[in-house]
Amino acid sequence: GWDAQPNLNLKLGRTALPVFLHSETRHLGYAQTTVRPVNTVYQLNPFTHVDGLALRHARSLAQGELRTEFSAGRAELALPSGTIDADRMVSLALRYDEGPWSLRVAGSDYRFDMHLANVQRLYSQLIAGTTACTNCAAVLAARAPLEGVHAQVQTVALQHESGSWSLTAEIARRSSNNSIVADSLAWYVLAAHRLDDWPPYVVLGAIRFQEPPLGLQ
């Protein structure tokens with residue numbers, strides 16, 4: 001890490017991927033009311049870190065502060081059935097704080113390959129015709145290749161904190177060239193009230209998959 005200026009920081013190595021309001025999606029964070037972020041939104045991005053470069057900049061404005069976070073690099077996600085290898089990840093997040101309000105807008109672009117034994121096994125069965133599917137080979141080659149996946153995630157988050165009350169809303173959209181990584185739109189709204197050591201909260205959220213049917217025969 002290097003502080004090039006008081007308001008400019010550069011990091012090389014492994015850093016949190018700045019996709020969502022709570023970027024440490026799979027790690028316990030005691031500052032988070034829900035301990036783990038709401039899954040309707042946070043399941044859209046399986047990666048939690050990036051190995052590469054991260055640049056953070058803060059700028060004071062007349063009424064508030066604008067923070068910019070940029071990252072670029074690669075990542076590997078290890079699963080019980082194999083790995084997902086991202087050879088290119090780029091993210092940009094902007095956050096503006098003014099008084100009790102915070103607004104955050106972010107976007108990420110990924111390119112990755114899936115090396116998952118269970119998916120590959122099913123994929124091979126489908127394209128081999130053993131399941132009596134007549135068009136699986138053509139459809140899956142076009143709509144669900146296991147390599148060269150290109151996906152984007154865009155998010156918007158709004159926070160308001162006033163005394164013991166807090167309100168958080170976050171919406172995320174994911175799109176890709178692969179039906180396994182389904183096009184999705186998700187959101188949640190969370191309200192909390194701190195009572196001494198206890199912060200009871202209520203949350204409402206939903207996810208809607210927008211992927212068109214594969215049309216398998």
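**View 1. The neighbours of Arg174.** Leaving aside residues up to four places away in sequence, Arg174 touches Gln43, Leu44, Gln152, Val153, Val181, Ala182, Asp183 and Ser184, where a contact means heavy atoms within 4.5 Å. The model shown is predicted: local features need pLDDT of at least 70, side-chain atom pairs count only at pLDDT 80 or more, and totals for chains, interfaces and linings use all residues. Residues are numbered from 1 along each chain as its sequence is written, and side-chain values use heavy atoms, with hydrogens and water left out.

View 2. Arg174 itself lies in strand S8, residues 165–176; strands are DSSP runs (E, at least two residues) and helices are runs of H or I (at least four), numbered from the N terminus.

**View 3. A buried charge without a salt bridge.** Arg174 is buried (under 20% relative accessible area, 1.4 Å probe, protein chains only). Even so, Arg174 has no salt bridge (a side-chain nitrogen of Lys or Arg within 4 Å of a carboxyl oxygen of Asp or Glu). The nearest side chain of opposite charge belongs to Asp183, 6.4 Å away; Lys and Arg count as positive and Asp and Glu as negative, with His and the chain ends not counted.

**View 4. The surrounding chain.** For orientation, the protein chain has 3 helices and 10 strands, running β-β-α-β-β-β-β-α-α-β-β-β-β from the N terminus. Buried residues make up 36% of its 217 residues. Among contacts between residues at least 6 apart in sequence, 59% join residues at least 24 apart.

Methods: Buried means under 20% relative accessible area, exposed over 50%, partly exposed in between (1.4 Å probe, protein chains only).
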